Amino acid sequence: MKKDLLGIADLSSDEIYRVLDTAVAMREIGERPIKKVPTLRGKTVVNLFYEPSTRTRTSFEIAEKRLSADTLNIAVAASSVLKGETLADTAMNIEAMAPDMIVLRHASSGACHLLARICRSKIINAGDGMHEHPTQALLDAFTIRQHKRRIDGLKVAIIGDLLHSRVLRSNVLLLTKLGADVWVSGPPTLVPPGIERLGVRVTTSVDEAVADADVIMMLRIQQERMQGAFFPSLREYYNVFGLTEERVGRARGDVIIMHPGPMNRGVEIASEVADGPYSVILEQVANGVAVRMAVLYLLAGEVEAD
Amino acid sequence: MARRLLRGGHVVDPVNGRNGVFDVLVENGRIARVGRDLPRDAADDVVDIPSGLLVCPGLIDMHVHLREPGQEHKETVATGAAAAAAGGFTAVACMPNTSPVNDNAGVTAYILQKAAAANLVRVYPIGAVSRGQQGEQLADIAELKQAGCVAVTDDGRPVATALLMRRALEYTRMFEMPVIEHCEEQTLKTDGVAHEGFQAATLGLRGIPGEAESIMALRDISLAELTGGTVHIAHMSARQTLDAVRYGKGRGARVTCEVTPHHFVLTDEMLAAPVAYDTNVKMNPPLRETADRDAMLQGIADGSVDVIATDHAPHHYDEKQVEFDHAPFGITGLETAVSLCFDRLVHPGVVTVSRLIELLSVNPARVLRVPGGSLSEGAPADVSILAPDLAVTVSAAQMRSKSKNTPFDGWRLRGGVAATIVGGRIVYKNPEFEDFRI
């Protein structure tokens, strides 16, 4: 693998499978009574989070601890981003203390690219603006593979706010690389221009997107987007794009329903669907730890090779 | 030297229909005579122009940000003037979005005083359309004109409302001054940072559609028709805007336009590679897609575009070493423009050298109604000596500008500047030309 994990765009399908295969072994570690291996003993990992995050930060921290890395969390309040120290200065100060890896979550697309240019530490992108969230896409792929044993040839429908979603971009890149038939659906105001050039089918009809789907992946509607007048109301959004049991009925009988969280119940997804038998939402969270362990392990392996 | 003979150079002077080997006699800062085989003994000093160099009317960059007063950490009038001289420009027109804004005679006089102290190239201040560039009340435009401003603009943003633009176009008619417009419908731009298209979509950058520019251009062209005023569309980037300008010209509206080198050379693919999220490709208007870049080249070739101007926008490296979202818009341009014009316009055959001189000298002089643009007898001896075949490797570190924010660092280009002469005085000579004694 390269020095950093900045996005799925930089990974070959072989590298993706390597992460997914490694995560199988990592998942087994989490099922032991003593959930800890010495793999990253003596390595220092900094979790540098410029955006609030419960799931992703906790998941990384547990993954790091299970691998015996020394780990610390730095949470920078959004309000201090513009008036305080610059990202580059913060990074160089952390760098001066010689960590091995920095896990970065930041509200600006490309923030991790800036860090990768100025740091010797390995950078793992834990979500940058509207750009990518590569470990989310990897854990989603792991979860799909667990249930379907393959990704090639599956019909995957991704529905919601496509424009602002880094989860969408990483998943589209990953799933198309591995040969899935990817459909995306959302209000035309929330479709990134030219997205069909990434090899996906775009439709405003949720019914068409979910018809005979093997996987349905819902994206969070960020309620603050209402300010931009992207759609008239949450009520109307739910009526047109919300995933109801009736819509799930159009998919294949063994469909799985995914959501990267946090969910807005009754906005993009009906509670009955989120809690239904086909929902794998909590499995995604569990798999996140294993997949992040795999990423940390594989990137650290390159440290050893140096 | 009271009388200096520039001997044996290839003169390109479209206004006087000259395009061949001529001698140019300069006397007391003015062009005294242009002709073949002028007598050597008519001059106190004879400069033999090496073969292959072009002797042209001084280039005029009608869109630069010199940042003084108020942002001297980015650029000063003196460093900007030095950059202009090194870039082959004998005159620049500087934008009013300084701090304080150039909306009164005091700021104009301050800029002119700094320019006189630098004593390099001519500096023409451009005043604000509205007081404080706030878009509410007209600035004292007669006072600005009297103090030396050659045009008005709220550049950095558009003239806020159609009514204010109407008033500005009407009011400036009595001075025959153009209103220079930064076309941008701000409710469409919102918080965009890059051209709205495939590149911004995949990189997760908020987009600015070309229509944010063309809608405002159409507003202003319509108002120019209504009022008989003169509007100059600054830094045109979108193909839709070029269509708007052609429409306006076809109807006889008094509209002219400019294009920057970066908009006819680069596209939004630079956002992804060679350096992803390079803040030195963040400018406003943004780099657009290939169809837009090609439209700019077409407009330059067919005469729809009047002027090439750089929108030289220096920023300190601290300001650019940040997240793409937070970086200021703009790149420097004065010291790369000539090389880019030769390499991308003249050598590939998009335009002739003569047409290039119209774009860089004749037309900016006409739009701003300032002296220059020709080597006519009696005109100020502002002369750019250009080297169309010079092999240039762009080096940001060696630039005269105080700021180094250029996406062209390290580029190898064919074409450059040999010397710059203002009022008969040499203000820049390229050290590459060792045998060129001037």
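What you see is a predicted model, in which local features need pLDDT of at least 70 and side-chain atom pairs count only at pLDDT 80 or more, while totals for chains, interfaces and linings use all residues. Residues are numbered from 1 along each chain as its sequence is written, chains are lettered from A and ligands numbered from 1 in the order in which they are written, and side-chain values use heavy atoms, with hydrogens and water left out.

Let me begin with the loops. B:Pro285 sits in the loop between α9 (261-265) and α10 of chain B, and the peptide bond that joins B:Asn284 to B:Pro285 is cis, with omega of about 0°. Another cis peptide bond links B:Ser99 and B:Pro100, with omega of about 5°, and B:Pro100 belongs to the loop between β7 (89-94) and α2 (105-118) of chain B. In the loop between β6 (59-64) and α1 (77-86) of chain B we find B:Arg67, which is not a glycine and yet has a positive phi of about 70°. As background, most residues other than glycine have a negative phi, and most peptide bonds are trans.

A cavity here is a set of points, on a 1 Å grid over the protein atoms alone, where a 1.4 Å probe fits but cannot get out, and lining residues have an atom within 4 Å of a point. The volume is the space filled by probe spheres set on the points, which are joined across faces, edges and corners, and for the largest cavity it is about 60 Å³.

Next, how do α8(B) and α10(B) pack? Their axes, which are lines fitted to C-alpha atoms over the stretch in contact, with angles running from 0 to 180 degrees between N-to-C directions, come within 8 Å and cross at roughly 30°. The two helices are therefore roughly parallel to each other, a label for angles under 35 degrees. Taking contact to mean heavy atoms within 4.5 Å, B:Leu242 and B:Arg246 are among the α8(B) residues that meet α10(B).

Finally, the interface takes 18 residues from chain B and 23 residues from chain A. Buried area, the accessible area (1.4 Å probe) that two parts lose on being put together, summed over both, is about 1600 Å² for these chains, 64% of it on carbon and sulfur atoms.

Technical notes
1 Å grid on protein atoms, 1.4 Å probe; cavity = no way out; pocket = protein on both sides within 12 Å on 5 of 7 lines; lining within 4 Å. Helix = DSSP H or I, 4+ residues; strand = E, 2+ residues; numbered from the N terminus. Parallel < 35°, antiparallel > 145°, perpendicular 65-115°, else oblique.
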